[in-house]
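I opened the file today to look up the ligand site. My notes follow in the order I took them.

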Amino acid sequence: MRSVFSLYRSSVGKKIVMAISGIFLFLWIVGHMLGNLKVFFGQEAFDHYAHGLKELGDPFLLHGQFLWIIRFVMLAIIVLHMWSALSVYLQSRAARRLGYRKTDDLTFTYASRTMRWGGVILLVYIVYHLLHFTVGSAHPQFVPGAAYANLVIGFRNWWVSGFYIVAMLALGLHLYHGLWSACQTLNFNNPMLRDLRRPVALLITLFIVLGFCSVPISVLAGIVTLP
Amino acid sequence: MNLILQVWRQDGPDTKGRFVRYEANNISDHASFFEMLDIVNEQLVEKGEQQIHFSHDCREGICGTCGMVINGTPHGPDPGITTCQLHMRRFKDGDEIWVEPFRATAMPVIKDLVVDRSALDCIIQAGGYISANTGNAQDANAIPIPKRDSDLAMDAAACIGCGACVAACPNASAMLFTSAKVSHLGLLPQGQPERFERVRGMVETMEDKGFGNCTNHGSCQNACPKEISVDFIARLNGDFLKAGFK
Ligand code: HEM
Ligand code: SF4
Ligand code: FES
């Protein structure tokens with residue numbers, strides 16, 4: 001018991017929570033990105049996919065129930081992720097009250113220094129994104145169930161698409177450091193594979209950022225249109 | 001060469017510090033950084049002023065006593081050396097050099113550039129040892145140890161406990177130091193019986209002393225005079241996770 005308690009109490013334990021929750025968020029992001037690409041197969045395919053999400057779990061669960069379970073699980077994971085991030089941030093802030101006059105940047109990557117602000121940007125983005133495409137209150141012409149039309153009309157606005165793209169770049173920075181950092185935290189450090197962690201994190205990040213950004217860009221470029 | 005120094009002066013742990021400007025003139029580029037400070041200090045003594053206090057002992061990079069932040073980098077601009085190994089040829093005539101103490105809540109300033117690093121000793125006391133009484137030293141190689149492990153243990157054991165990793169870390173975390181100490185014993189057969197008690201004790205003490213939390217920035221490895229690798233931090237994390245279920 002004492003040992004599990006020490007795991008919970010220590011920042012190393014909190015980092016483990018952060019890493020595991022981060023990996024779940026990452027897996028979810030991969031699924032979400034791949035799902036979004038259905039938009040390139042036309043209105044019918046995309047709306048069918050969006051509708052199909054609500055039917056997941058059928059016939060065991062009723063319409064929409066599985067999606068609600070996923071939503072609650074995702075919320076819990078995000079809360080754990082933010083709780084651990086906030087508590088280690090507070091601990092670190094107290095660990096150096098008076099800063100340096102001169103600082104030379106010795107960190108491995110720029111991405112590592114953007115994690116905290118980047119996380120806050122992601123949080124703001126997630127809230128906006130839900131209001132935009134899920135709830136619809138931040139959307140000018142939202143029609144419940146008309147996922148494809150909502151998407152195309154939403155992304156025709158340059159400001160909206162621009163914000164989505166900026167948010168995806170923030171996600172890219174977060175993932176690039178996060179994936180590597182999670183390997184450190186979980187001791188995925190095999191000497192044979194260790195040097196692959198950076199390039200693989202970069203490849204995955206590029207894959208995800210390009211995949212997400214391709215949708216608003218294609219709408220703006222007129223490749224994805226309303227029939 | 002002639003230089004301008006901006007040095008952090010602080011009378012004691014509870015007083016406010018400030019930067020004071022000094023001129024260091026006619027410094028040979030063969031002088032070490034500390035010899036340059038010695039020359040400045042002699043001039044200060046002649047003028048009846050307080051010398052700049054800084055800690056040092058071996059002046060050859062092995063004891064871990066010295067350390068200060070020079071132009072934003074612990075132990076100065078050259079990688080893989082301690083402050084005492086830094087030479088003035090690294091600087092140019094007319095340079096302005098900012099000199100600050102290592103800054104961390106857990107390593108408070110005693111005076112000027114001297115900090116109290118006893119928190120690092122407390123981390124060692126919490127598990128950085130082997131308590132089995134083994135009598136006299138054995139013959140070399142009596143216990144076979146894979147070459148890879150012994151090399152890694154030696155790499156970790158190179159840590160001289162200077163605290164530059166804490167100073168460089170944006171989170172003021174002591175994870176590089178702690179992980180080096182945990183790994184150097186944890187990699188060897190003699191260190192196995194206490195392996196998990198050790199990592200738990202040392203991490204708990206590290207946190208109680210007020211060090212920050214590692215977010216894998218990597219600054220520690222870049223600042224470390226012994227170039228200890230952050231791979232040891234991953235090792236510590238793995239051992240700590242396992243210790244949670246022992
Ligand atoms: C969009 C989905 C998100 C994904 C896929 C994600 C993924 C990750 C991953 C894999 C890590 C690495 C864990 C480790 O260091 O071991 C991480 C760290 C972190 N995340 Fe997230 N995260 C997401 C959202 C957020 C949000 C919304 C916030 C805050 C409001 C946040 C704040 C942080 C912080 C502060 C860190 C620690 C950074 C550090 O090590 O300094 N993340 N994230
Ligand atoms: S790990 Fe390196 S920087 Fe940190 S205390 Fe040891 S020798 Fe100094
Ligand atoms: S004085 Fe001993 S390491 Fe610098």
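I began with the shell: helix H2 (11-36), H4, helix H6 (115-135) and H8 of chain A each give at least two residues to the shell around ligand 1. Helices here are DSSP runs (H or I, at least four residues), numbered from the N terminus. This is a predicted model, where local features need pLDDT of at least 70, side-chain atom pairs count only at pLDDT 80 or more, and totals for chains, interfaces and linings use all residues. Residues are numbered from 1 along each chain as written, chains are lettered from A and ligands numbered from 1 in written order, and side-chain values use heavy atoms, without hydrogens and water.

I then looked at the iron atom. His81(A) (NE2) and His174(A) (NE2) coordinate the iron atom of ligand 1 at 2.0 to 2.1 Å. His81(A) sits in H4 (residues 65-95) and His174(A) in H8 (residues 158-185), 93 residues apart. Donors are N, O and S atoms within 2.8 Å of the metal (3.2 Å for Na, K and Ca). The six donor angles run from 82 to 179°, so the arrangement is octahedral (opposite donors over 155 degrees apart, all others between 65 and 115).

Next I checked burial (under 20% relative accessible area, 1.4 Å probe, protein chains only). His81(A) is buried at 17%. His174(A) is buried, also with 17%.

Which chains surround ligand 1? Residues from chains A and B do, so the site is shared. I found 24 residues around ligand 1, each with a heavy atom within 4 Å.

Last came polar contacts (N or O pairs within 3.5 Å). A polar side-chain atom of Ser181(A) is 2.6 Å from a ligand 1 oxygen. For Thr215(B) the distance to an oxygen atom of ligand 1 is 3.5 Å.

Key:
Four donors count as tetrahedral if all angles lie between 85 and 135 degrees; four count as square planar and six as octahedral if opposite donors are over 155 degrees apart and all others between 65 and 115; anything else is irregular. Buried means under 20% relative accessible area, exposed over 50%, partly exposed in between (1.4 Å probe, protein chains only). A polar contact is a pair of N or O atoms within 3.5 Å; within protein, one must be able to donate a hydrogen and the other to accept it, and residues adjacent in sequence count only if both atoms are side-chain atoms.
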